[in-house]
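Biologist: I am new to this structure and would like a close look at a single part, the open sheet and its surroundings. Please take me through it step by step.

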Amino acid sequence: MGTPSATGGYPAPLPDRSVGDGYLQHAPGYVLNDGPKLITSRFVHEDSFTLKRSVATGGYEGLRAALEMTPAAVHDEVRAATLLGRGGAGFPAGVKWGFLPPGKHPYYLVVNGDESEPGTYKDRLLMERDPHQLIEGCLIACYALGLQQCFLYVRGEMALAQERIAAALNDAYEAGYVGRQVCGSDFSVDIVMAWGAGAYIVGEETALIESLEGRRGMPRLKPPYFPAAVGLYGQPTIVNNVETLANLPWLMVNGSEAYKGHGSESSPGTRMFAVSGHLRRPGVYEVEHGVTTFRELIYGDNFCRGIRDGNELKMFIPGGGSAPWFFEDHLDLPLEARPVGAAGSMLGSGAIVIMDDTTDAVRAAWRVVKFFARESCGKCTPCREGTTWLEQILRRILDGEGRPSDIDLLLDIGDNISPGPYPVAADDGAEAVPFPPRQTTICPLGPSAVAPVVSTIRRFRHEYEAKITRRDPIPIEVVPVGAAS
Amino acid sequence: MTLSPANEALAGEIIGWFPRPRSALIPLLHLAQAQDGYLTDEAMRRVGELVGATPAEVKGTAGFYEMFRFEPVGTYLVNVCTNISCLLWGGEELLEHACESLDVEVGGTTDDGMFTVEEAECIAACTEAPCLQVNYRYRGRVTPADFDGLVEDLRAGRTGIAGHGVLAQVRQSIPAERLAGVVPPEQAREAPVWLARNEAGASG
């Protein structure tokens, strides 16, 4: 290959972000499209992050509705709504809440705002644009479950989100929504903002708890699998994603029946998807869960309006950097966890990255692997060593130093991190293997680095082969001492 | 230097919000970094005293997190993202342009101490590729000309971006009379009062 152009000709004109084409000047990246708005309804307002605007547009009414009910009834409502976790695993929040062992107080709430999966950003917008909605969601969860304190953990690099949340908390405390005797009731809870300092792995919930205890953010050994059993300070702890909690105010005001009126039966409500890459209108969209297909999202007039310059789609990442890649044959899958899992990948963190036919598959895979090599916490050997090996081998292939045996070596290293049939989208007659993979590591970071490698080798092996120019070293036959005589 | 009197007071307040003092370690390190632009040994020692950690534990923890610096960096830390979405729109070329135009290597600081340029991982602005952060404040869809304009604005002090170390310019503060009460877990074994509503609701 002469020109490894993953960039497709930069500095080409960048897509125009003009107001009136769905983009909002005050919320870069967010696209206001037609469709129900459950969690981004305030984004149109420039001052959506203020208490004044929030209250003027129904803010804290979900909290008031919850306080009129018993805590158990609030939990039942969330369970009935089948609110799926929006962080990546897609576990139903109401079920997760039910894992709290009775009577082992205190319980804590930890909000995972450490959004850093490549391609993902929706929690950042929710924190920057509508911090009161998130705070209200936290309050509803704490009330329902008897959680005595909430820690709102924001990614270290998100200075504006930290600023908006701090200001919102200050106003909410002063107005009596947070702290002692919320809205004059018997419900009292403190919400404290904590923040990270640059470590992707802290998004893993047990690593986040370690970080919140003032330690290196390394995942804890499992079992126990759920912090609901043993979490912060060894106490039962609910860890929920920002977007998950942001759904609670709407849900409490409108009820679970209305909530299930949106989206599909198994994935109700809406979800935020960040759709980036080679698109005419990349953006963050609130989309009906489980109904819309990838094709509609990528090509639909209401969404991204197709690939830039009329180019062809080459491949796409359906659920953040950790997800196995998809191709044109997967375009008609709905944005729903189950069918995407059956096809060998995941919706993950709601991050879709589109790559057109100018993209160099090996270079794109290398860049994602490089991320995981850099972010591996170093606790488990297969990940610490394996991700670095993968990165270095891909680098040498790109540098024209690759050997024919490197392809098998890449797959073999991958097999050491996630053994057995690796989940790949069914193509070329291969059987679909559902996500997630088996792993030799404590957390899924290591297997995540294998996803782009296996995905691209399966589909674009010829691109690897075309780059491999060096021959394998000739094996040296070792003659045992004394054998010659 | 060690923590200023104002930061000592803030540190005491922050520690009071956590059930265990050690949980305040990362927030206090940010406080120290905002004060000095990086983490000095004196400040780390003082933070350790405040939260009950040895200097080795403090440095061992801080060293895990990329944002903490043990050496001074430029007044403006420029993080150019080259992860997948930015790669697709020229993030690497933007990084190259940044280094050329400021005459530094990746990770290097300009002679006048104004700018440090680094390669960043995904900073969650993927539709705005290629993007960068200056002291963790965003700029999106950055062309080479945009970059040069940004550098000019920063040199002229026209951006309102504070020096390295400062993150949020608004701090959380909780009035004492509004605080619900933070105690170590072993002093909070009783079920919270409002859960009694469940029994009342069930019996009534």
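Modeller: The answer below begins with the whole chain and then turns to the sheet, its neighbours and a few loops.

This is a predicted model, in which local features need pLDDT of at least 70 and side-chain atom pairs count only at pLDDT 80 or more, whereas totals for chains, interfaces and linings use all residues. Residues are numbered from 1 along each chain as its sequence is written, while chains are lettered from A and ligands numbered from 1 in the order in which they are written.

Chain A holds 16 helices and 8 strands, where helices (H or I, at least four residues) and strands (E, at least two) are DSSP runs numbered from the N terminus. The radius of gyration of chain A is 24 Å, close to the 23 Å from the globule rule for 485 residues, so chain A is as compact as a globular protein of that length; this radius is taken over C-alpha atoms, and the rule is 2.2 Å times the number of residues to the power 0.38. Of the 485 residues of chain A, 59% count as buried, a term that asks for 20 or more other C-beta atoms within 10 Å of a residue's own, with exposed meaning 12 or fewer, partly exposed lying in between, and C-beta atoms placed from the backbone.

The open sheet itself is formed by 4 strands of chain A in the order 3-2-1-4, with parallel pairing; two strands pair if DSSP finds at least two bridges between them. Strand 3 (190-195) and strand 4 (237-241) of chain A stand at the edges with a single partner strand each, so one side of each is left without a neighbour in the sheet. From one strand to the next the twist averages 20°. Strand 1 (residues 107-113) of chain A pairs with strand 4 of chain A in the parallel sense over 5 bridges, and A:Asn112 has A:Asn241, in strand 4 of chain A, as its bridge partner.

Helix 8 (residues 205-212) of chain A packs on this sheet, touching strand 1, strand 2 (147-154), strand 3 and strand 4 of chain A, and its direction makes about 105° with that of strand 1 of chain A. Here axes are lines fitted to C-alpha atoms, for helices over the stretch in contact, and angles run from 0 to 180 degrees between N-to-C directions.

The largest nonpolar core has 209 residues, and those with the most contacts inside it are A:Val110, A:Cys138, A:Leu139, A:Ala141 and A:Leu152. Such a core is a set of buried Ala, Val, Leu, Ile, Met, Phe, Trp, Tyr and Cys residues joined through C-beta atoms within 7 Å. Leaving aside residues up to four places away in sequence, A:Cys138 touches A:Leu109, A:Val111, A:Cys150, A:Leu152, A:Ile191 and A:Leu245, a contact being two C-beta atoms, placed from the backbone, within 7 Å.

The bond from A:His105 to A:Pro106 is cis, with omega near 0°, and A:Pro106 is found in the loop between helix 4 (93-97) and strand 1 of chain A. The bond from A:Lys222 to A:Pro223 is also cis, with omega near -10°, and A:Pro223 lies in the loop between helix 8 and strand 4 of chain A.
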